[in-house]
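Here are a few notes to read alongside the structure.

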Amino acid sequence: MSCLMVERCGEISFDSPDQNAKCVRMLDTTLSGEIGTKKKVKRLLSFQRYFHASRLLRGIIPQASLYLLDEDYLGQARHMLSKVGTWDFDIFLFDRLTNGNSLVTLLCHLFNVHGLIHHFQLDMVTLHRFLVMVQEDYHSQNPYHNAVHAADVTQAMHCYLREPKLANFLTPSDIMLGLLAAAAHDVDHPGVNQPFLIKTKHHLASLYQNVSVLENHHWRSTIGMLRESRLLAHLPKEVTQDIEQQLGSLILATDINRQNEFLIRLKSHLDNQDLRLEDTRDRHFMLQIALKCADICNPCRLWELSKQWSERVCEEFYRQGDLEQKFELEISPLCNQQKDTIPSIQIGFMTYIVEPLFEKWAQFTGDTPLSENMLNHLRRNKAKWRSLLHKQHSSSRSNDHSGQVTGSQEQTLNEEETP
């Protein structure tokens, strides 16, 4: 269950007063039983940052310590950063080596590698403060939509920005926008999806009129933190306004409901061979596609990494389903742990969402080693999920047809189950 929804009970409303009262009682029980007292009303899913409810103005100082990259890192973390452009980068290990600071650490390194600190004359202390704010605004209790996912997407985005077809045309502004959007694309994610916010009448759904609710919130939260940190305050106003708008365009592109829109447009460009990356508009469109790929690239990773992400995202789905069941709401698609298995969810996701996008991405990049590697991983991972699904079905059929077992059969089964 998302702690956010527990902490924001007042944001969930139903038509019936009895249901509201039941909601309060259940959430109170959950607070005491599952969460404890540490997280009481600590984080708000709201637009308060955008309306200047600043942590700094309230005197709250970020807890993460400021450190210099090359002095305080463990040797293993430094070694990993030297290979940050490789596709087998293990973000889970990197997060452990950086003591849970993978997003801050990665972004500081990439801003330096790409020369963005020098080009935009950024203050390192201010940059670090901003990145800490972003990292802290992710919910660590989310199995999937957390700061590690943001770091993983950012590392993938870095790989895509280095693809020759794109890299030859990118400006420093393009690179900074791509990395910032990747890092902040899911900031303050509540661990539940848009339909849940809509049917529970969450204030964000009303604010954004049920359109790209989460993505709009991620974008506005990012703008609030940019302004609060004053990271870009030294730049001309028209430049910062353009950066804010382009960040919004990139983050809003990650709305999965717009998948076909972007896929059809990309297919049209590739069929007509009319992409002109010298043109700012076409370049921005390909940055949107790159971010969309980075956001859903988990099935294209090594099996050991891909499997972890698959289990995490399904756990988050199941938590939403449990929450919906407690509120006596209809359980959303993919969120019923009794019916929606991890293999079936992943096979569907790969078939209808991931494969079409990455096949077109490979067509754009020209079948580079990275694109071929990703597609190979995708095919192998899909085959493994199919195998696991087949085993589940076989096991289920075996149980369904077993009927009453004889004493000797029961003894055999017990012996097989004994380590």
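1. Let me begin with a term that comes up below: a residue is called buried under 20% relative accessible area, exposed over 50%, and partly exposed in between. By that rule D367, at 48% relative accessibility, counts as partly exposed. Please bear in mind throughout that this is a predicted model.

2. While we are at D367, have a look at its backbone. Phi of this residue is near 55°, a positive value in a residue other than glycine. As for its place, D367 sits in the loop that links α19 (342–365) with α20 (369–400). Most residues other than glycine have a negative phi.

3. Q209 also deserves a glance, with a phi near 50°, which is again positive in a residue other than glycine. The loop between α13 (203–207) and α14 (213–229) holds Q209. Is Q209 buried or exposed? Its relative accessibility is 64%, so Q209 counts as exposed.

4. Now to a residue with an annotation. The UniProt record, an unreviewed entry, lists D186 under "binding site". You will find D186 in the loop between α11 (172–184) and α12 (194–199). With a relative accessibility of 7%, which is under 20%, D186 counts as buried.

5. Which residues does D186 touch, leaving aside those up to four places away in sequence? They are Y138, H145, H149, H218 and D295. With one of these, H149, there is a polar contact of 3.2 Å between the side chains.

6. Of its 419 residues, 52% count as buried. Taking contacts between residues at least 6 apart in sequence, 77% join residues at least 24 apart. The protein exposes about 20,300 Å², with carbon and sulfur atoms supplying 50% of that area.

7. A word on confidence before you zoom in. The mean pLDDT of the protein is 84, and 77% of the residues reach 70 or more. Over residues 19–71, however, pLDDT is below 50, although this stretch has 101 contacts in the model beyond near neighbours in sequence. Residues 403–419 also stay under 50, and for them the model has three contacts beyond four places in sequence. Where pLDDT is low, the predicted coordinates should not be read in detail.

Technical notes: Residues numbered from 1 in each chain as written. Predicted model: local features only at pLDDT ≥ 70, side-chain atom pairs only at ≥ 80, totals over all residues. Heavy atoms only, no water. UniProt positions renumbered as here; feature names shortened; annotations may be inferred. Helix = DSSP H or I, 4+ residues; strand = E, 2+ residues; numbered from the N terminus. Buried < 20%, exposed > 50% of the residue type's maximum accessible area, 1.4 Å probe, protein only. Contact = heavy atoms within 4.5 Å. Polar contact = N/O pair within 3.5 Å; in protein donor to acceptor, adjacent residues only side chain to side chain. Areas by Shrake-Rupley, 256 points an atom, 1.4 Å probe, with all protein chains shown as cover. pLDDT = per-residue confidence, 0-100.
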